[in-house]
Protein chains: 2
Amino acid sequence: MIKNDFLSEIKYAGLTSRLKRLSDLLLYSTKDFYKSVGVDIEPNWHLIFLLLKEHEALNIKEISDRVQLSHPAIIKILNNMKQKGYVVAKTDDIDSRKQILTLSAKAYDALPLLEEYWEACIQTMKEVLEDSPEFLTALGSIEQKFKESSYKDRTLRNLKTN
Amino acid sequence: MIKNDFLSEIKYAGLTSRLKRLSDLLLYSTKDFYKSVGVDIEPNWHLIFLLLKEHEALNIKEISDRVQLSHPAIIKILNNMKQKGYVVAKTDDIDSRKQILTLSAKAYDALPLLEEYWEACIQTMKEVLEDSPEFLTALGSIEQKFKESSYKDRTLRNLKTN
DNA sequence: TACATTTGTATAACCAGTTATATATTTTAT
DNA sequence: ATAAAATATATAACTGGTTATACAAATGTA
């Protein structure tokens, strides 16, 4: 536990803020990492690279379903990736509403190097979780519970039974 | 584990995004909760209430040190709390750079009710972590490790040793 | 005492997400 | 065949954080 950290001291009351704080820390530090190795990608592009590498072609809805972020979030990420030339879009022949998204040639060229960087990222996570082998499972269980009943609904229920 | 969730499938590579996703989920659902019980406060005001209740008077620097958020973040939170009349500021007599921040009378009036709501929030967290008693400790250990050496530094190191 | 450094606060610009709303296309149902 | 509903995408407005920069007040030092 971090010394003199009020959020840790207040236990359950500080949990949300600690998750936000940690996720921000990871976000900015990852950006910092990419910058210092001189590569022009953003942290969460990794997900899109992996998804499109695996599936070749997906549309926005499919991506947003799979990563469970809102579709406007995905649109923003993809627009940036398109602008940098890592993703190309063409409209679907049989359903003109859909964009078919694929990795560009530039993306495939960059992949071997990027994968080295990502390997180092993964190693960092493994090393930080070394002493907490249950963390990933616990996180999954928390996600699952909020999926079954939202934070809001649970809290309203707890309010009534007090 | 959430079914068909790409972020869970890719294990360590999806961790940062899952933390962000969970923290956002908690943030928006907490807002939703406050809205549905009809109270005009924001999620992280809870922290400030607790801090100022415990210490009576603090300045911005002291708050930002204790919760370990950047001072601009604290300034924004406090400005909103001032605007809603929950916090009052007066400048320090002996060091005119400092703002002395305290809870207002309105804040103390609201506290009993707010504390009921917060109790329900805490109960929700406890119930969701019920099956994962090690989660809080694990989170603390992760925070501690990144405090010792940043994500970026660790990852650069891992890159070199590959 | 004056000057350099440090400290506390403020602000600007940015970023990654959200919800709410709009629009065009496709699908379904009568 | 057409009207209604559903779906895919786009965009606007907002939020809660960040870093970088600025500046005035306080402190330390020559």
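**Protein and DNA**

Mentor: Start with Gln99(A): an N or O atom in its side chain is 2.7 Å from a phosphate oxygen of DNA strand D. A polar contact is a pair of N or O atoms within 3.5 Å.
Trainee: What kind of model is this?
Mentor: This is a predicted model, where local features need pLDDT of at least 70, side-chain atom pairs count only at pLDDT 80 or more, and totals for chains, interfaces and linings use all residues. Residues are numbered from 1 along each chain as its sequence is written, chains are lettered from A and ligands numbered from 1 in the order written, and side-chain values use heavy atoms, without hydrogens and water.
Trainee: How far is Lys31(B) from a phosphate oxygen of DNA strand D?
Mentor: A polar side-chain atom of Lys31(B) lies 2.6 Å from one.
Trainee: How many residues surround DNA strand D?
Mentor: 27, with Arg97(A) and Asn44(B) among the closest. Near means a heavy atom within 4 Å.
Trainee: Switching topic. Where do H6(A) and H7(B) meet?
Mentor: Thr124(A), Glu127(A), Val128(A) and Leu129(A) in H6(A) meet Ile142(B), Lys145(B) and Phe146(B) in H7(B). Contact means heavy atoms within 4.5 Å.

Terms used:
Helix = DSSP H or I, 4+ residues; strand = E, 2+ residues; numbered from the N terminus. Polar contact = N/O pair within 3.5 Å; in protein donor to acceptor, adjacent residues only side chain to side chain.
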